[in-house]
Amino acid sequence: MKHLGKFVAIAAVALTATAAQAQGAYGELGYSRLNFDNRDDGFSAKVNPSMVRGIAGYELNPNLAVEGLLGLGAGSDDVNVGGVTVKGKVEHVYGAFVKPKIRLGESVELFARAGVAGTKVSARSGNLSVSDSGGSFAYGAGMSFALGGNTSLNADYMNYYDRKGVKVDGLNIGVGMKF
């Protein structure tokens, strides 16, 4: 019984901290149209696959947030290379970012993102399949438009991966929600 008071105090502090964190939490869900460009060893192919992207973020202050990102390939694209059809896909992207931002009026916010991302891409032609994955500096910029309440419409450009002759970048349109 004598430890019950300590337990209640610790639980109250934990719940208060969780509630305080939730005030700056937000999430986004969007659709990305990507450019997957392979220009390695004299071979060049460019496809435009798609991805569904989710972001979980926390506002540290009105001008700075931190984010975690997860994107999953939603569709592949084909290109003809020397008479052979090659299908390219972005399997997944995950990353951590710092997001500086500035408000312009009541409903518009401009932002940038900088961080690191892990990316996996694949290409297939007939029975031959190859994939590549790795980490890279990632960056981007965009705009957010408040729709009312806690909902926003977001658009951004991101460069997720640019190494070893492979580049993955693209545009994203999404919806955000503050919690």
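The model is predicted: local features need pLDDT of at least 70, side-chain atom pairs count only at pLDDT 80 or more, and totals for chains, interfaces and linings use all residues. Residues are numbered from 1 along each chain as its sequence is written, and side-chain values use heavy atoms, with hydrogens and water left out.

**Overall architecture**

- Along the sequence, the pattern reads α-β-β-β-β-β-β-β-β-β-β.
- Of the 179 residues in the protein, 35% are buried; buried means under 20% relative accessible area, exposed means over 50%, and partly exposed lies in between (1.4 Å probe, protein chains only).
- Among contacts with a separation of 6 or more, 55% are between residues 24 or more positions apart, where a contact means heavy atoms within 4.5 Å.
- The protein exposes about 10,000 Å², of which carbon and sulfur atoms supply 63%; accessible areas come from the Shrake-Rupley method with a 1.4 Å probe, and for residues only the protein chains shown count as cover.

- In soluble globular proteins, nonpolar side chains tend to be buried together.
- Leaving aside residues up to four places away in sequence, V93 touches M51, L69, L70, G71, A117, G118, T119 and Y160.

**Nonpolar surface patch**

- I102, L104, L110, M143, F145, L147, L153, I173 and V175 form a nonpolar surface patch of about 750 Å².
- Two or more residues of the nonpolar patch come from each of β6 (84-104), β8 (128-148) and β10 (166-178), and β8 gives the most, with three residues.
- Patches are made of residues with over 30% relative accessible area and no salt bridge; like charges are joined within 9 Å, and nonpolar side chains (Val, Leu, Ile, Met, Phe, Trp, Tyr) within 5 Å.
- L110 belongs to strand β7 (residues 108-125) and counts as partly exposed because its relative accessibility is 32%.

**Salt bridges**

- Side chains of opposite charge can pair when their charged atoms come close.
- The model contains 13 salt bridges, each defined as a side-chain nitrogen of Lys or Arg within 4 Å of a carboxyl oxygen of Asp or Glu.
- K99 and E28 form a salt bridge through their side chains (3.7 Å, N to O). K99 lies in strand β6 and E28 in strand β1 (residues 25-38), so the pair ties together parts that are 71 residues apart in sequence. Both K99 and E28 are buried.
- R53 and D156 also meet in a salt bridge (2.6 Å, N to O). This pair links distant parts of the chain, with R53 in strand β3 (residues 50-61) and D156 in strand β9, 103 residues apart. R53 is buried because its relative accessible area is 2%, and D156 counts as buried because its relative accessibility is 4%.
- The side chains of K167 and D169 form a salt bridge at 4.0 Å, N to O. K167 is partly exposed, with a relative accessible area of 24%, whereas D169 counts as buried at 9% relative accessibility.
- Salt bridges with shared partners join E28, R53, E67, K99, R113 and D156 into one network.

**Loop residue K164**

- K164 lies in the loop between β9 (151-163) and β10, and K164 is partly exposed, with a relative accessible area of 46%.
- Although K164 is not a glycine, K164 has a positive phi of about 50°.
- The side chains of K164 and D132 make a polar contact (3.5 Å). A polar contact is a pair of N or O atoms within 3.5 Å; within protein, one must be able to donate a hydrogen and the other to accept it, and residues adjacent in sequence count only if both atoms are side-chain atoms.
- K164 and D132 are 32 residues apart along the chain, and their C-alpha atoms are separated by 9.6 Å.

Key
Helices (H or I, at least four residues) and strands (E, at least two) are DSSP runs, numbered from the N terminus.
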